[in-house]
Amino acid sequence: MAATGKSCAIGRFAAFLSQRGLRLTAQRRAILDAVFGTHQHFTADELLVWARALDRSVSRATVYRMLPLLTESGLVRALDLGKNSKVFDPNYADHPNHNHLICENCDRIIEFESEEIARLAEDIGRRLGFEVTGQKLHLTGACVEFGARGTCAHKGRRHGRSG
Ligand SMILES: [Zn+2]
Ligand SMILES: [Zn+2]
């Protein structure tokens, strides 16, 4: 889903910008490439590092001004995981109804989609006279190895970029 999703998301965001009279500058383009070049969830500071790797002129201020635009466009969502810094998720452009498993030990975030949950949500909505139009389920816990070894393989790797 990376290649098609990426160019499509960038095109949609460019249209969103032009509706607001904003141009897709080189800095903004580098930020977009960083955002939609990954399926990883990121903090503002991580995004700054990634975008600067693509274009050294990207400023912190531009990143911080871009994030509200990205969330307003609906292509990126801010996840409230109860942590100090907000985590942003670039995967809603392609997968608007995905859910998350969140490890409380290593902060790993695993995404999943479930037809069964979607059906269940519809059933619940029907029963309560409500039309369900979206789902975002956050399940918290720990990676299985945490129980056995007391730590996660992923621990401390939060800031690496794997994909
Ligand atoms: Zn996600
Ligand atoms: Zn873990």
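**Entry 1: the overall fold**

How many helices and strands are there in the protein chain? I counted six helices and five strands. I am working with a predicted model, so I keep that in mind throughout. Reading along the sequence, I noted the order α-α-α-α-β-β-β-β-α-β-α.

Next I looked up the dimensions. The C-alpha atoms of the protein chain fill a box of roughly 45 × 45 × 30 Å along the principal axes. The chain has 163 residues, and 37% of them count as buried. For contacts between residues at least 6 apart in sequence, I found that 56% join residues at least 24 apart.

I also checked the surface. The protein chain exposes about 9700 Å², with carbon and sulfur atoms supplying 52% of that area. There are 23 positive and 18 negative charges, and their mean positions are 8 Å apart.

**Entry 2: the zinc ion (ligand 1)**

Which residues coordinate the zinc ion (ligand 1)? I listed His-41 (NE2), Asp-89 (OD), His-98 (NE2), His-100 (NE2) and Glu-111 (OE), at 1.9 to 2.4 Å. Along the chain, these donors follow the spacing H-x47-D-x8-H-x1-H-x10-E. His-100 lies in strand E3 and Glu-111 in strand E4, so this pair ties together parts that are 11 residues apart in sequence.

Glu-111, at 28%, counts as partly exposed.

I then turned to Asn-91, which I found in the loop between E2 and E3. Its relative accessibility is 3%, so Asn-91 counts as buried. What does Asn-91 contact, leaving aside its neighbours within four places in sequence? My list reads Thr-38, His-39, His-41, His-98 and Glu-111.

**Entry 3: the zinc ion (ligand 2)**

What are the protein donors of the zinc ion (ligand 2)? Here I wrote down Cys-103 (SG), Cys-106 (SG), Cys-143 (SG) and Cys-152 (SG), lying 2.3 Å from the ion. Why is the arrangement tetrahedral? The four donor atoms subtend angles of 104 to 113 degrees around the zinc ion (ligand 2), which makes it so; the cut-off asks for all angles to lie between 85 and 135 degrees. The spacing of the donors along the chain is C-x2-C-x36-C-x8-C.

Cys-106 sits in the loop between strand E3 (99-103) and strand E4 (109-112), while Cys-152 is in the segment after helix H6 (144-149), so the two tie together parts 46 residues apart in sequence. I looked up the accessibility of both. Cys-106 counts as buried at 4%, and Cys-152 is buried with a relative accessible area of 4%.

Where is Glu-145 found? I located Glu-145 in helix H6. Its relative accessible area is 18%, and Glu-145 is buried, because the cut-off for buried is under 20%. Not counting residues up to four places away in sequence, Glu-145 touches Gly-150, Thr-151, Cys-152, Ala-153 and His-154.

**Entry 4: helix H3**

Last, I looked at helix H3, which spans residues 44-54. Which of its residues are buried? I noted Ala-44, Glu-46, Leu-47, Leu-48, Trp-50 and Ala-51. Their cover includes helix H2 (26-36), helix H4 (60-72) and strand E2 (87-89).

Key: Residues are numbered from 1 along each chain as its sequence is written. Chains are lettered from A and ligands numbered from 1 in the order in which they are written. This is a predicted model: local features need pLDDT of at least 70, side-chain atom pairs count only at pLDDT 80 or more; totals for chains, interfaces and linings use all residues. Side-chain values use heavy atoms; hydrogens and water are left out. Donors are N, O and S atoms within 2.8 Å of the metal (3.2 Å for Na, K and Ca); water is not among the atoms, so sites may look incomplete. Four donors count as tetrahedral if all angles lie between 85 and 135 degrees; four count as square planar and six as octahedral if opposite donors are over 155 degrees apart and all others between 65 and 115; anything else is irregular. Helices (H or I, at least four residues) and strands (E, at least two) are DSSP runs, numbered from the N terminus. Buried means under 20% relative accessible area, exposed over 50%, partly exposed in between (1.4 Å probe, protein chains only). Contact means heavy atoms within 4.5 Å. Accessible areas come from the Shrake-Rupley method with a 1.4 Å probe; for residues, only the protein chains shown count as cover. Lys and Arg count as positive and Asp and Glu as negative; His and the chain ends are not counted. The place of a charge is taken as NZ of Lys, CZ of Arg, CG of Asp or CD of Glu.
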